[in-house]
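Here is a short briefing to read alongside the model. Have a look at the structure first, and then follow the notes below.

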Amino acid sequence: MRAYFRNIYEGLKSAVAGLRVTFGYLFKKSVTVHYPFEEVKVANGFRGLHHLKVDICIACNQCANACPVSCIEQTFDRIDKENVLVSRFSIDYNKCLFCWYCIPVCPTECITMGAEYELATFDRKSLDYDLVARGERTAKRNMTLFREEFVQVIEKVREKKPELAEKAEGLMGDPRVGLCGRNPEKDKSASSGFVEEEADSQASVSEEVAP
Amino acid sequence: MSELAQNLTLPGALLAGLSPGVAAMLVMFASCAAVLGVVALNGMFLVWWERKISAHIQSRVGPMTTGYWHGWLQSIADGVKLLLKENIIPLMADRWLFMLAPLVVFMSAFMAFVPIPWGEKLIVADLNVGVLYIAAITSLSAIGVIMAGWASNNKWSLYGGMRAAAQIVSYEIPVGLALVPALLASSTLSMQGIVEVQAGGIWNWNIFAGGPFTIVAFGALFLASLAEVNRAPFDLPEAESELVCGFHTEYSGMCFAFFFLAEYSEMFVVAVVASVLYLGGWHDPLGLGILPGPVVLMAKVLLLVFVQMWFRWTFPRLRVDQLMYLAWKVLTPLGFINVFGAAFWLILV
């Protein structure tokens with residue numbers, strides 16, 4: 001008999017305790033993020049879409065070699081010993097598995113992974129991203145300066161390889177980007193002193209390596 | 001059904017020119033349309049409300065997009081979807097029984113709306129056995145549930161139907177016993193009569209008429225009525241996680257919508273019964289009589305419905321034997337104590 005009433009008492013007590021908890025939650029702030037209308041914040045180190053700082057990419061192809069699914073493809077022209085024209089750096093997100101292997105192998109740390117994750121599209125082909133076209137450059141360089149040095153490089157190769165110069169000019173006309181690859185070792189000292197440095201390397205214009 | 005015509009003072013000119021038979025028919029159709037409108041609107045509102053409450057209890061937000069303001073049109077969108085969906089009948093199902101079951105369940109919920117007193121003169125039919133009528137009619141829905149479980153020809157659905165049968169014999173007695181103290185206090189079975197007895201403020205309500213006994217009886221009625229409408233924690237016939245929705249597993253489209261609508265209408269009806277019997281019906285707590293009756297009744301009913309939903313999203317489902325234990329060994333003795341206690345209290349105090 002005692003157990004019977006104790007049972008009822010315990011049942012009522014636990015019921016009231018449970019009801020109190022849920023009633024409290026009724027007025028707490030919801031954790032829902034209204035995703036398409038609000039942004040979902042990603043954690044630090046999130047492996048989202050790649051970013052490429054085109055001006056320090058040396059087209060060494062290391063990232064493409066490291067890629068387990070071969071989704072990276074670089075198209076570049078060597079202008080001279082130190083300058084490489086990267087005209088296309090494509091990542092095929094149909095294949096990419098966001099494994100991050102391309103990041104640590106980069107000698108210039110020009111490729112990184114960002115916070116974007118919205119890849120949905122109506123066409124499979126549009127998943128083949130050109131990182132050059134999405135172009136970015138290191139913060140220390142500004143666009144006009146970059147164009148100046150770029151023009152100089154073009155002028156150098158104009159006599160030897162007119163078609164390459166033309167191609168570079170055509171790419172430069174694209175308002176989205178100015179493109180060039182440079183040797184980062186030399187670049188470290190020269191953020192604005194490109195023109196002086198250029199005088200030294202003028203001699204080695206002739207050595208070109210086909211991609 | 002002629003009370004509605006008199007009470008609402010339907011345009012006399014409209015009815016005067018017609019023969020009495022046609023006029024009665026018109027009144028009947030009008031009443032049915034009114035009840036159907038209330039049932040449908042109430043169902044749609046409660047579905048949306050429950051989704052909101054459940055969401056917020058779980059730190060979610062529920063429907064937000066349809067209708068721009070907190071998804072207030074969600075139920076209409078769902079309703080349209082269910083209307084347009086194909087009504088699938090399993091090949092080996094008992095076709096006619098399968099089609100009939102949702103109608104039986106819906107009819108029982110629909111008919112229970114008839115003797116609800118919304119205001120002093122606002123009632124479809126003030127039956128002199130109103131409470132008995134509602135108790136009888138709402139029990140019919142269990143038959144529809146068993147029909148659905150049997151006709152689906154699906155073992156889980158059949159289990160659901162069997163559980164409904166086991167449940168009805170458990171909860172009907174506590175429900176009946178919990179109704180009695182209120183009837184003792186008001187000495188009538190007419191819903192309108194019960195409300196009229198409780199006029200003049202919260203201290204005249206039946207819940208305080210029999211001292212502690214009527215308060216406990218109100219609690220017992222509320223608990224047992226949860227079992228009556230197959231709501232968690234007594235949703236054994238449905239039991240989503242074990243029986244895959246039990247008796248309505250095989251239903252789709254409009255037949256499913258009927259079950260859904262019936263469930264929410266029954267919730268509403270049992271909340272109305274509890275508030276009419278114990279909480280003064282359409283009388284406001286202070287006895288001022290300023291607010292219109294339907295508003296006061298709706299406020300009380302929605303409060304009780306909210307508690308039903310709150311229970312659902314708090315408690316896990318009981319086992320069959322636990323439900324039996326609660327109904328037979330706790331609520332039934334408690335019901336008898338309440339009946340006799342309230343009776344003595346009413347005579348002696």
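Helix H12 (residues 293-312) of chain B has 20 residues that should span 28 Å at 1.5 Å a residue, and its end C-alpha atoms lie 29 Å apart, which agrees. The expected span is 1.5 Å times one less than the number of residues, and helices are DSSP runs (H or I, at least four residues) numbered from the N terminus. H12(B) is mostly covered, with 15 of its 20 residues buried (under 20% relative accessible area, 1.4 Å probe, protein chains only).

This is a predicted model, where local features need pLDDT of at least 70 and side-chain atom pairs count only at pLDDT 80 or more, while totals for chains, interfaces and linings use all residues. Residues are numbered from 1 along each chain as its sequence is written, and chains are lettered from A in the order in which they are written.

**Helix H13 of chain B**
- H13 (residues 320-348) reaches 40 Å from its first C-alpha to its last, close to the expected 42 Å.
- A kink of about 35° lies at B:Leu331, shortly before B:Pro333; the bend is the angle between axes fitted to the seven residues ending there and the seven starting there.
- Buried residues in H13(B) include B:Leu323, B:Leu331 and B:Gly335.
- The buried residues of H13(B) pack against helix H1 (2-26) of chain A, as well as H7 (155-186) and H9 (212-228) of chain B.

**Where chains A and B meet**
- Chain A gives 15 residues to the contact and chain B gives 17 (heavy atoms within 4.5 Å).

How values were computed: Heavy atoms only, no water. Helix = DSSP H or I, 4+ residues; strand = E, 2+ residues; numbered from the N terminus. Buried < 20%, exposed > 50% of the residue type's maximum accessible area, 1.4 Å probe, protein only.
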